Amino acid sequence: MSDYNFAYLDEATKRMLRRAILKAVAIPGYQVPFSRREMPMPYGWGTGGVQVTAACLVPEDTLKVIDQGADDTTNAVSIRKFFARVAGIATTEATAEATIIQTRHRIPETPLTEGQILVFQVPIPEPLRFLEPRETETRTMHALEDYGLIQVRLYEDTARHGEIARAYAYPVRVEGRYIMDPSPIPKFDNPKLHNAPALQLFGAGRECRIYALPPFTRVESLDFEDYPFTASKAAGQTCAICGAEDSYLDEVIIDDAGGRMFVCSDTDYCATRCAAQAEDAA
Amino acid sequence: MTPLLKVEALSKHYGRHLGCGDVNFTLWPGEVMGIVGESGSGKSTLLNCLAGHLAPDTGRVIFETRAHGPRDTVTMTEPERRWLARTEWAFVHQNPRDGLRMGVSAGGNVGERLMAVGARHYGEIRAQAEDWLGRVEIDPTRIDERPRAFSGGMRQRLQIARNLVTGPRLALMDEPTGGLDVSVQARLLDLLRGLVRRLGLSAVIVTHDLAVVRLLADRLMVMKDGRVVEEGLTDQVLDDPQHAYTQLLVSSVLQV
């Protein structure tokens, strides 16, 4: 452990990252470029999130890492171990106990509180990327609020599928200004971005971008007046383990005969509910 | 009556080479002006300077905006210029590929400008798109097809619909009939003439096809080597050309 500087990165790099984070917080939804460092994991495994987490960590922090809502998946376990080793900080699986939560593809079901930091791993930070391939042009479009194009994509969806078919990475407008990609969280989680008491940071390692939602920021999902946004999930299903009706569910194939079950994607939320039920029964 | 567009001493150089030099003209509401000349005479440079795609070296382009009266589009800010480009101007490219989004349905293409100026009601956007497809003689049932599935003439008409949907007052057209066969050209010209007259649109049409300007343009400007060599009423210029180059141009047209 003593072979590494606290939280792996050197202090100069962390200062550079913190500057980028402060700028991102000052301009909600704006993508701030930063100079990424080589991390001991491949791109696509959360290098952006890891660098942002490293820049935010202090020795008193308690870290939680989730991947698709689960605490026990490869990505989550390896990043949690990484920081336990290079920063010597406490780790937890309980959302309420964590001060920093690094996440991939989910926002925890347990409402976040003031003082917590949620760090998202972002693969493609540019919401206009697949509509306009030129980076110079997308930056100009952001600068000039030239956002007709992204609405065209919603139009195309509606024309083809009868609804806005985008189920994840659903674009949002921040404080009525920047259009932002909330990272590939399910659109079920989009309402949680709005007016959240926690600080939300987004790190894209491969693309070298950091952006942020300060606490209590207005975040609106894009839609049409006659086709309003809906935070959908598996219809009519409840969690097979804890019976939750309000949480986002994963569909799990359980045999070769078409058997399937729906379970909470947030493992901590599910376990907490099960423990409470066991206590009530006892 | 105030002029819709007033161009004063507009010049554009590409390094030491002259793109277009010292161009002056006034375009009145409802008027259609043609610009003819051979390749490399500065027609497209001039049109791109008017549309704000290129920044001229010197000169002023005063446009009579709906909201703020006459404004110099050369010195206004980029957001203002883009707003004008979406609301009060139409720009028709010679190749519809440049002006259309080939991967987006016809309805999406027409609706883009509406959405860019704030339309957020899907049903209304779609109704307007259908209406405009009808006006440019495209079967509205093909609204969900992509321009890839359309013929060249249909693509060009789609591009026109996409541009006119926000009710612009000035249309800038760069060889709108280029690359189309003559019968399709004739239909397109017919359509353009109808639209321009019905909507009271002013237009600047750049072309090297004298038949196009004879049909559409009220006035004509002849350019050569970046300079305007002759200017006047279309019939007057074509029937009684004064400048040697114009005489050459008019006599070069094949008589069938």
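**Note on cysteines and the chain B sheet**

1. Start with B:C49. Its sulfur lies 5.0 Å from the closest cysteine sulfur, that of B:C20, which is too far for a bond. A disulfide would need the two sulfur atoms within 2.5 Å. B:C49 is also buried, with a relative accessible area of 2%. Keep in mind that this is a predicted model.

2. A:C242 is in none either; the nearest cysteine sulfur belongs to A:C264 and is 3.6 Å away. A:C242 is buried, at 4% relative accessible area.

3. Now the sheet in chain B. Four strands form an open sheet in the order β2-β1-β4-β5, and the pairing is antiparallel. The edges are β2 (17-27) and β5 (69-72) of chain B. Each has a single partner strand, so one side of each lacks a neighbour in the sheet. On average, neighbouring strands of this sheet are turned by 20 degrees against each other, direction ignored.

4. Look next at one strand pair. In chain B, β1 (residues 5-14) and β4 (residues 58-65) run antiparallel and are joined by five bridges. B:E8 stands opposite B:R60 in β4(B). Strands of a sheet pair through backbone hydrogen bonds, either parallel or antiparallel.

5. Which strands does helix α1 of chain B touch? Helix α1 (residues 43-51) packs on the sheet and touches β1, β2 and β4 of chain B. The direction of this helix makes about 120 degrees with that of β1(B).

Note on methods
Residues are numbered from 1 along each chain as its sequence is written. Chains are lettered from A and ligands numbered from 1 in the order in which they are written. This is a predicted model: local features need pLDDT of at least 70, side-chain atom pairs count only at pLDDT 80 or more; totals for chains, interfaces and linings use all residues. Side-chain values use heavy atoms; hydrogens and water are left out. Buried means under 20% relative accessible area, exposed over 50%, partly exposed in between (1.4 Å probe, protein chains only). Two strands pair if DSSP finds at least two bridges between them. Helices (H or I, at least four residues) and strands (E, at least two) are DSSP runs, numbered from the N terminus. Axes are lines fitted to C-alpha atoms, for helices over the stretch in contact, and angles run from 0 to 180 degrees between N-to-C directions. Contact means heavy atoms within 4.5 Å.
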